[in-house]
Amino acid sequence: LGLELQFASEALEKKWSGIFSPKKIRPWVKAGLQQDSVILIRLVGLAESKRLNRDYREQDHSTNILTFTLTEDIPSSKLMADLVLCMPIIEKEAKKQGKTTEDHFAHLIVHGVLHAQGFDHEDEIDALAMESLEIAILKRLKIQNPYV
């Protein structure tokens, strides 16, 4: 697994680098992977999340995570993907859901890694399958079911 962690600003790096490091994140990424991969994780603020979501998904709002699979259209033995996580939204959601930011972040990493491998939740059957897989992976990581 090739793993890189980026912070979109010095403020984000100052706030989160002591909590989230490649060493901390690596088990969460690996837990959701089914193939050799190169993953970039970028922590961003509201403006960058909104811009990317608007430009790539035609949704004019910030979102907790965006997954960009880079090897989707080219033959490659390695999965290459970028996961873009919006930290203000993740903090707000964690607080609202009564979870730690760390557990919510870990769940979103697993969620994004599954998306990068082709899983989606566009219909009810796919959503249930993806959620069940997430719950099982998070249980192995000793993180509570995020859907209760």
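This is a predicted model: local features need pLDDT of at least 70, side-chain atom pairs count only at pLDDT 80 or more; totals for chains, interfaces and linings use all residues.
**Close-up views of the chain**

**View 1. Lys92 sits in helix H4, which spans residues 87–97.** Helices here are DSSP runs of H or I with at least four residues, strands are E runs of at least two, and both are numbered from the N terminus. Lys92 counts as exposed because its relative accessibility is 65%, where exposed means over 50%, buried under 20% and partly exposed in between, with a 1.4 Å probe and protein chains only. Residues are numbered from 1 along each chain as its sequence is written, and side-chain values use heavy atoms, without hydrogens and water.

**View 2. Six helices and four strands make up the secondary structure of the chain.** Starting at the N terminus, you can follow the elements as β-α-α-β-α-β-β-α-α-α.

**View 3. Within the chain, 40% of the 148 residues are buried.** Of the contacts with a separation of 6 or more, 59% join residues 24 or more positions apart; a contact means heavy atoms within 4.5 Å.

**View 4. The chain carries 19 positive and 22 negative charges, with mean positions 9 Å apart.** Lys and Arg count as positive and Asp and Glu as negative, leaving out His and the chain ends; each charge is placed at NZ of Lys, CZ of Arg, CG of Asp or CD of Glu.
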